[in-house]
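Welcome! Take a look at the sequence and the model first.

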Amino acid sequence: VMTTELIEWREEFALGVPEVDHEHRELVELINTLYVELMSGAEQDRVGDFLAELHAQISGHFALEEKLMVESNYQDYSTHKSDHETLLDDIGDLMDEFDGRTPVDLTAFAARLEQWFTNHFRTHDARLHLHG
């Protein structure tokens with residue numbers, strides 16, 4: 001069965017910080033939309049636009065999270081930030097591959113994205129919440 005959602009929103013993802021939770025939900029929706037486009041064989045240009053949008057939204061979201069971490073003197077800041085940077089680098093690499101019109105293994109990318117988000121929400125963001 002072809003699922004239309006790559007990441008199913010789960011309440012465990014909610015941190016109880018309204019602005020962060022709101023952005024997390026939006027990111028999950030964006031990723032799911034991207035996933036549907038990819039799996040339905042969307043035009044390369046559309047996918048490229050989506051990746052750019054995803055990168056922009058995630059960058060903005062990470063900036064907010066990092067600001068909150070700094071304000072709360074979050075001890076694990078550098079680890080959390082480097083985890084953010086890893087994902088942004090991954091998306092950046094994928095955007096480069098797309099621009100180069102290299103065949104991209106979207107299934108692998110989708111799996112990596114899902115895994116990253118789920119792990120990140122569970123570990124780093126959960127700790128951020130517990131710390132807050």
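Is Lys67 buried, partly exposed or exposed? Lys67 is partly exposed, as its relative accessible area is 45%; buried means under 20%, exposed over 50%, and partly exposed in between, with a 1.4 Å probe and protein chains only. Please keep in mind that this is a predicted model, where local features need pLDDT of at least 70, side-chain atom pairs count only at pLDDT 80 or more, and totals for chains, interfaces and linings use all residues. Residues are numbered from 1 along each chain as its sequence is written, and side-chain values use heavy atoms, with hydrogens and water left out.

**Salt bridges**

- Side chains of opposite charge can pair when their charged atoms come close.
- The count is 3 salt bridges, a salt bridge being a side-chain nitrogen of Lys or Arg within 4 Å of a carboxyl oxygen of Asp or Glu.

**Within helix 2**

- Lys67 makes a salt bridge with Glu71, and their closest N and O atoms are 3.4 Å apart.
- Both residues sit in helix 2, and because they are 4 residues apart, about one helical turn separates Lys67 from Glu71; helices are DSSP runs (H or I, at least four residues), numbered from the N terminus.
- Glu71 is exposed, with 53% relative accessibility.

**From helix 2 to helix 3**

- Glu66 pairs with Lys81 in a salt bridge whose closest N and O atoms are 3.0 Å apart.
- Glu66 belongs to helix 2 (residues 44-71) and Lys81 to helix 3, so this pair ties together parts that are 15 residues apart in sequence.
- Glu66 counts as buried at 12% relative accessibility, while Lys81 is partly exposed at 27%.
- Lys81 also forms a salt bridge with Glu85, with the closest N and O atoms 3.4 Å apart.
- Lys81 and Glu85 are 4 residues apart in helix 3, so about one helical turn lies between them.
- Glu85 is partly exposed, at 37% relative accessibility.
- Through shared partners, salt bridges join Glu66, Lys81 and Glu85 into one network.

**A negative patch**

- Asp89, Asp93, Asp96, Glu97 and Asp99 form a negative surface patch; patches take residues with over 30% relative accessible area and no salt bridge, and like charges are joined within 9 Å.
- Asp96, one of the patch residues, is found in helix 3 (residues 77-99).
- Asp96 is exposed, with a relative accessible area of 54%.

How values were computed:
Patch = residues over 30% accessible without salt bridge, like charges linked within 9 Å, V, L, I, M, F, W, Y side chains within 5 Å. Areas by Shrake-Rupley, 256 points an atom, 1.4 Å probe, with all protein chains shown as cover. Lys, Arg positive; Asp, Glu negative; His and termini not counted. Charge placed at Lys NZ, Arg CZ, Asp CG, Glu CD. Helix = DSSP H or I, 4+ residues; strand = E, 2+ residues; numbered from the N terminus.
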